[in-house]
Amino acid sequence: MTLEFPQVPITSQGIASLDQGPLHRHTHTYDLMRQCIHCGFCLPTCPTYAVLGVEMDSPRGRIYQMQAVADGRMDITPEFVEHMYCCLGCRACETACPSGVQFGKLIEAAREQIQIEVTLPSIQSEQRRALQTQAEKPVAEGDETYPLHAHLPDSPALESPGERLLRRFFFDIMLPSRIITSLVFAGLKFYQRSGLQAIVHRTGLLDLANALPTPFQGKLKTPEELMYQAGGDLLPTPLPEITPALGRQRYRVGFISGCIMDQVFRDINEATIRVLSANSCEVITPLQQQCCGALHVHAGEAEQGRRLAQHNIDVFEAYNCDAIIINSAGCGSNLKEYGHLLRDEPIYASRAQAFSAKVKDISEFLTSIDWNHDMGEVARTVAYHDACHLAHGQKIKQQPRQLLQAIPGVTVVNLKESDWCCGSAGIYNIMNQEMASTLLQRKMDNIAATGASVIATGNPGCMMQIALGARERNLHVDVMHPIQLIDEAYRTGGLYEIPAHNVAAVQKQRQRALLIGLAIGVGIGVLLQRNRRRRIHASKEY
Ligand code: SF4
Ligand code: SF4
């Protein structure tokens, strides 16, 4: 077998150019890299390799580059950054690998190394200038085969000050604070419910803003459309700290409500708590919990991810729960790896292992207990999409299907390539829109062929991405979390009713947002009019 690796530039610095970060010899990461036997079994399962056909965008090629950097044979070049951030982190390669390579840990380490290098003041000025010069070179003829290879706008090493500021706001200010996250999403929900969104779409303002030469040129539309209909109240009140078990209590479980999950999919969180309660669980949802840090770790912001992990361990330890339940695949995968994330922290290493051992995806937990089958009929045809971080990250494939198949009236139909990434991948579909869209089209072709009325999946990112694909194609499918179908079956079975205030409150919030929007619009109109009169008056006097 011949491997077609391109020549990598040899540096004059010998072993590793920097002495900090995870991507070096004598690190845990280096041992993980050496497990790769270069067999190539992972290549056909890699979505970026399937699209680009480039070895350097395959799992094997990425490991090769990581090892070259770790050995000091290669610098962190714009190309290296590009190949590392072009990876979806979907971990399909892990499932295929006969040698047990833990690629998820490797890609996170590589991105952490990139973040450390580009933010180190000692190398920043010179290396950044060199990187910037390379990136600004005109695109050579023949390089336009795929937009990702024609330029490097998404690499964090080459971020403009505006992008850097946005990154710092998102990772360091917004996500770690429930209050700021709530305020940001309140603004978004207000925009959607007050009618502003409809005006912006109808008048073409969004297209105009998207075309303006700002750091976000061409990138505004997708996030706006992904968050098309954020659910729940404008400013949701915290979930109840303690929800008693319905009937006899058998378990005490902690519930991770998530950051974005709680703002966009509050109804799924509420359904999860109801289902747990109906399964003899007292559900503890600590108010002090923070974002789990999954988006941070996957994007290379591991230091902030560690701080969040430590905080959550402190919070949940106080409740002594039998299990810690999560309904988001990406978060669950990260929570199960707190032990790895904090392995070098003396105070937290063993506590993190104990925490991770208790974490269970909701489908994993329910199918591991004698769960309540007291369900009514839900007549729906359902296709199940495997979220990557559930199927490949946590090896959970059968459990959600078992839940769905147990619901009376539900017909589960086969979805071709159900565990092929939909392109969501954390913030990937915002940062790498071309690749994400290519993958989404493939996913939507397969979804359309099922004829299902419901696409069920266990990850908020996948739900938003598939819902976007369905809107673009005018495909009439509901995108739901499997737990919502169980919740519906419990309700049709008469186990409980959904509190009426949930529905009424959302309607009330919509009306309020509309009124506030109208008031602001009238206020701005009055001010503009007054200003105009004043100018006319002034010009007359002159
Ligand atoms: S399948 Fe595993 S061992 Fe083989 S090339 Fe891929 S990562 Fe390396
Ligand atoms: S994580 Fe996914 S995109 Fe990245 S190398 Fe593995 S299979 Fe390819």
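Analyst: Happy to; let's take it one topic at a time.

User: Is this from an experiment or predicted, and how confident is it?

Analyst: This is a predicted model. The protein chain has an average pLDDT of 85, and 82% of the residues score at least 70.

User: Which stretches have a pLDDT under 50?

Analyst: One of them is residues 1–18, where pLDDT stays under 50 and the model has 27 contacts beyond four places in sequence. Residues 127–157 are also below 50, and that stretch has 40 contacts beyond near neighbours in sequence.

User: Okay, zooming out: how many helices and strands are in the protein chain?

Analyst: The protein chain contains 28 helices and 9 strands. It has 542 residues, of which 43% count as buried. Looking at contacts between residues at least 6 apart in sequence, 78% join residues at least 24 apart.

User: Let's change topic. Which residues come nearest to ligand 1?

Analyst: Cys-36, Cys-39, Cys-42, Cys-97 and Ser-99 come nearest, out of 15 residues around ligand 1.

User: And which helices supply at least two residues of that ligand 1 shell?

Analyst: Helix H3 (59–70) and helix H5 (92–96) each do. The largest share comes from H3, with 3 residues. By class, the ligand 1 shell has 11 nonpolar, 3 polar and 1 charged residues.

User: What about ligand 2, which residues come nearest there?

Analyst: For ligand 2, there are 14 residues around it, and the nearest are Cys-46, Pro-59, Cys-87, Cys-90 and Cys-93. Helix H2 (47–52), H3 and H5 each supply at least two residues of the ligand 2 shell. That shell has 9 nonpolar, 3 polar and 2 charged residues.

User: Now the sheet. What order do the strands E1 to E5 come in?

Analyst: The order is E1-E3-E2-E4-E5, in an open sheet of 5 strands with mixed pairing. Strand E1 (242–243) and strand E5 (359–361) stand at the edges with a single partner strand each, so one side of each has no neighbour in the sheet.

User: What holds strands of a sheet together?

Analyst: Strands of a sheet pair through backbone hydrogen bonds, and the pairing can be parallel or antiparallel.

User: So do E2 and E3 run parallel or antiparallel?

Analyst: Strand E2 (residues 251–255) and strand E3 (residues 281–284) run parallel, joined by 4 bridges. As an example, Val-253 has Val-283 as its bridge partner in E3.

User: And how many bridges are there between E2 and E4?

Analyst: E2 pairs with strand E4 (residues 323–326) over 3 bridges, in the parallel sense. In E4, Val-253 has Ala-323 as its bridge partner, while Phe-255 has Ile-325.

User: Can we look at one residue in that sheet? Is Cys-281 buried or exposed?

Analyst: Cys-281 lies in strand E3. Cys-281 is buried, because 27 other C-beta atoms lie within 10 Å and the cut-off for buried is 20 or more.

User: What is Cys-281 in contact with?

Analyst: Setting aside neighbours within four places in sequence, Cys-281 is in contact with Ala-245, Tyr-251, Val-253 and Leu-276. Cys-281 and Asp-322 are 41 residues apart along the chain, and their C-alpha atoms are separated by 9.8 Å.

User: Where does Ala-245 lie?

Analyst: Ala-245 lies in the loop between E1 and E2. Ala-245 is partly exposed, with 18 other C-beta atoms within 10 Å. Not counting residues up to four places away in sequence, Ala-245 touches Ser-277, Ser-280, Cys-281 and Glu-282. The C-alpha atoms of Ala-245 and Val-275 are separated by 9.7 Å, and these two residues are 30 residues apart along the chain.

User: Last topic: which residues of helix H23 are buried?

Analyst: In helix H23 (residues 398–405), the buried residues are Gln-399, Pro-400, Leu-403 and Leu-404. Seen down the axis of H23, they fall within an arc of 135°, so they line one face of the helix.

User: And what covers the buried residues of H23?

Analyst: The cover includes helix H21 (362–368) and helix H27 (482–492), along with strand E6 (381–384), strand E7 (411–413) and strand E8 (454–456).

Technical notes
Residues numbered from 1 in each chain as written. Chains lettered and ligands numbered in written order. Predicted model: local features only at pLDDT ≥ 70, side-chain atom pairs only at ≥ 80, totals over all residues. Near = placed C-beta within 6 Å. Nonpolar A, V, L, I, M, F, W, Y, C, P; charged D, E, K, R; others polar. Buried ≥ 20, exposed ≤ 12 C-beta atoms within 10 Å, placed from the backbone. Arc of directions from axis to C-beta. Contact = placed C-beta atoms within 7 Å. Pairing = 2+ DSSP bridges. pLDDT = per-residue confidence, 0-100.
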